[in-house]
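Subject: Handing over a structure, with notes on its pockets and cavities

Hello,

Here is the structure I promised to pass on to you. Please open it first, and then read my notes alongside it.

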Amino acid sequence: MEKKILGIDFSDNGILLSFYSDERKWYYPSAICHKSGSTEWLVGRAAYETILSGDGIITDKLLSFLEKRKTTTLHGKKYSAIELVSNFFRTIINEICIDEPQPDEVVICVPEINMIIINSLTECLNYLGVDNQHVHIISRSEAFIYYSMSQSQDFHNNNVALFSLEDNSLNYYEMKIQRKQKSTLVYADKALLDESFNIEITNTEAGAKLADKILLSCADRLFKNKIFSAVILTGKGFQTIEWAPEFTKSICRRRKVFVDEEIFSRGAGFKGADMASEKPIFQFTPICDGRVDCSIYININKKNRTVSYPIINIGDPWFSIDRKIRIIPTTRDDIELSVVPIDERMRRTLHIPVKFLSSRPVKSTVVALGIRFNNAHDMTIDIEDLGFGEFYPSTGIKQTQEVTLWG
């Protein structure tokens with residue numbers, strides 16, 4: 001039986017949900033209301049309507065509320081952010097799954113990945129009875145990649161651009177493919193453009209002309225000396241594009257242009273389908289927000305030869321990395337790690353000091369080496385002396401070093 005996969009795009013503006021291989025979609029503003037004199041929760045537009053009638057207390061911008069771990073008191077009862085957002089999800093999922101099975105896999109994409117959001121959203125779904133292994137948190141950048149790569153070959157023959165225009169923000173995403181002999185890397189960058197404007201100005205003729213001019217200037221700058229196969233427009237501001245004729249004319253020049261408000265939820269669904277499949281549907285490695293953009297190697301001796309052993313692979317989700325290996329260092333001074341990014345010309349060598357080895361002969365200590373990431377570019381390296389059997393008992397020494405890979 002085919003698994004039921006729910007893709008969710010969640011932000012402070014709202015939540016858009018769609019099932020994989022299902023044309024239906026659901027949108028709710030990011031708000032929840034506790035109705036006066038009732039245990040009933042109302043979400044989205046129903047929450048705002050209740051407030052307008054003076055019959056409840058509302059909490060909105062729920063992603064920020066969750067990230068800041070806020071609390072709120074409703075009718076004398078205190079609710080944590082986890083409880084409130086869990087009730088938000090429960091109400092919505094129950095509404096869209098009436099007379100249908102609950103989803104087997106849930107993939108939630110958010111504008112930007114951080115550990116607080118990952119842990120909080122996972123806890124919310126756990127609160128609803130969804131097991132950790134069936135909850136996946138990704139960035140909008142990654143959802144953009146999966147959406148684009150699910151399209152026909154001519155869609156992504158060259159770069160793919162995406163403009164997301166919300167109330168007061170204009171975000172730009174760009175995806176490109178690097179095909180290597182043994183792998184295909186697909187990476188997406190995101191930028192919040194300084195030229196952001198309030199979309200309300202498009203309601204007047206003068207404001208629309210100004211907004212059109214701003215977007216045209218952005219496109220000219222961002223597309224300069226690059227070749228694009230497709231351009232995608234998404235967000236509330238692009239529900240209609242009649243107000244931006246010059247921008248539209250420019251981006252349509254020798255490119256396919258799509259307006260799709262569901263791109264992120266659909267991309268999350270494709271990601272979920274890939275993870276749920278017995279055999280991978282997609283044959284590429286995504287490099288984007290939420291993924292490390294380098295590989296990390298250590299040199300080891302194998303059959304009298306020095307070989308590079310990968311500890312971290314490019315494209316690994318940084319938030320799930322917790323690598324532990326045991327090694328026998330060949331020097332008393334340090335352990336060398338090679339950091340190799342996409343552009344291998346920028347590779348660097350990290351020297352991790354192991355001063356507690358200085359009193360022992362070379363190759364007479366087993367060391368536990370652990371690597372974990374705090375974000376995409378900052379990692380923590382743990383070193384522990386495990387001794388060497390009965391000859392050199394462990395000193396119990398442990399040391400931790402914080403390393404910034406770039407910047």
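Below are some notes on confidence, pockets and cavities.

Please keep in mind that this is a predicted model, in which local features need pLDDT of at least 70 and side-chain atom pairs count only at pLDDT 80 or more, while totals for chains, interfaces and linings use all residues. Residues are numbered from 1 along each chain as its sequence is written, and side-chain values use heavy atoms, with hydrogens and water left out.

Confidence comes first. The protein has an average pLDDT (the predictor's confidence in each residue, from 0 to 100) of 91, and 99% of the residues score at least 70. Among the elements (helices are DSSP runs of H or I with at least four residues, strands are runs of E with at least two, both numbered from the N terminus), helix 5 (residues 140–149) has the highest mean pLDDT, 98, and strand 7 (residues 71–74) the lowest, 85.

Now the pockets. A pocket is an open set of points on a 1 Å grid over the protein atoms alone, with protein on both sides within 12 Å along at least five of seven lines; a cavity is a set of points where a 1.4 Å probe fits but cannot get out; lining residues have an atom within 4 Å of a point. Grid points are joined across faces, edges and corners, and a volume is the space filled by probe spheres set on the points.

The largest pocket holds about 1100 Å³ of space. Its lining has 39 residues, and Ser11, Asp12, Asn13, Arg140 and Glu166 lie nearest the centre. Strand 3 gives the largest share of that lining, four residues. By type, the lining has 12 nonpolar residues (Ala, Val, Leu, Ile, Met, Phe, Trp, Tyr, Cys and Pro), 14 charged (Asp, Glu, Lys and Arg) and 13 polar (the others, Gly among them).

The second largest pocket has about 470 Å³ of space. Of the 17 residues that line it, Ile298, Asn299, Ile300, Ile328 and Thr330 lie nearest its centre. Strand 17 supplies the largest share here, four residues. This lining divides into eight nonpolar, five polar and four charged residues.

Finally, the search of the whole structure found two cavities of 30 Å³ or more. The second largest cavity, with a volume of about 30 Å³, is lined by Tyr297, Ile298, Asn299, Glu336, Leu337, Ser338 and Thr349. Strand 17 and strand 20 each supply at least two residues of this lining.

Best wishes
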